[in-house]
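Thanks for coming, everyone. Please take a look at the structure on the screen, and then I'll walk you through it.

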Amino acid sequence: MPKTRPADPDAVPRKLERAARTGHLVRVRRSFPGADPVEGFVLGTNPRWTLLAPCRDVLLDGFTAVRTPDVDRVKRAGDEESLTVRALRRCGRWPVQEPEVPYGGLRELLPAASARYGLVMLEFEHRDPGAGWIGAVLGLGRRTVRLREVDTRARWHDGPSKFRLAEITRVSFAGRYDQALLEFAGPLPGPVDPES
C-alpha cells in the first residue's frame, strides 16, 4: 500500500502569495460548507486575511476579504492571455489596483472601507451561508462592530445593529450592488446614539 504524504500546511499561503505576485486569475475555495468560491485576483494576503478583486463575466466587482485560514484551495483560472485579463487590459483595469484600505485585520479594514466606499457587506457563512448584512460602520467595540444597515429597498434602518467580529468570515465593499444601494439610500441619516 503506498504511503501518503501529509498535506503541506504552507501550500495554500504560498499559492495565495504567488497569485498576488503574478496577477493571475484564480478560484479560491474555503473549507466550510456553504461558502461560495471566489473567482478573481488576489491583491494581497497575510496570515489573517486575504484581499481579492472578484471578477464575474469579465467584470470586476469591488473587493472581498476572506479569512486566510479558511482558504483550503487556490486554483489558477487564467493567465495573462485569458479572455478575462485581455478584456480588463483593453479597458485599462488590469493589472487590478489594490484599494486604499488596510486589510491586516477587521479593526482596520471595516472603518477604512466604510469611510472610503460608503458601505461594507458582512458575511457570517458558518451560520448563514449566502446571506449578507450591508451598511455603514458606525464604530467598533471590544468584540463587536456597529453597523447602520441598508435594506434591499435602499432604506436605512432606524438604528445600529451589532455584530461579533470573531464571527465575520467575509467582508465585501465597493461592489456594484452595494454602490447601487448607497446611491439610492442617500447619505447616512443624522446622528444615532453610538452605544445603541
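I'll start with the overall build and then go to the cores.

This is a predicted model: local features need pLDDT of at least 70, side-chain atom pairs count only at pLDDT 80 or more, and totals for chains, interfaces and linings use all residues. Residues are numbered from 1 along each chain as its sequence is written, and side-chain values use heavy atoms, with hydrogens and water left out.

The protein has four helices and 11 strands. Those are DSSP runs, numbered from the N terminus: helices are H or I with at least four residues, strands are E with at least two. The C-alpha trace spans about 65 × 45 × 25 Å along its principal axes.

How much is buried? Of the 196 residues, 46%. Buried means under 20% relative accessible area, with a 1.4 Å probe and protein chains only.

Now the cores. A nonpolar core is a set of buried Ala, Val, Leu, Ile, Met, Phe, Trp, Tyr and Cys residues joined through side-chain atoms within 4.5 Å. The largest has 33 residues. Leu110, Leu122, Ile168 and Phe173 have the most contacts inside it. Several elements each supply at least two residues of this core, including β2 (38-45), α2 (83-90) and β11 (170-173). The largest share, five residues, comes from α3.

Take Leu122. Beyond its neighbours within four places in sequence, Leu122 is in contact (heavy atoms within 4.5 Å) with residues including Leu110, Trp133, Phe163 and Ile168.

Conventions. Buried < 20%, exposed > 50% of the residue type's maximum accessible area, 1.4 Å probe, protein only.
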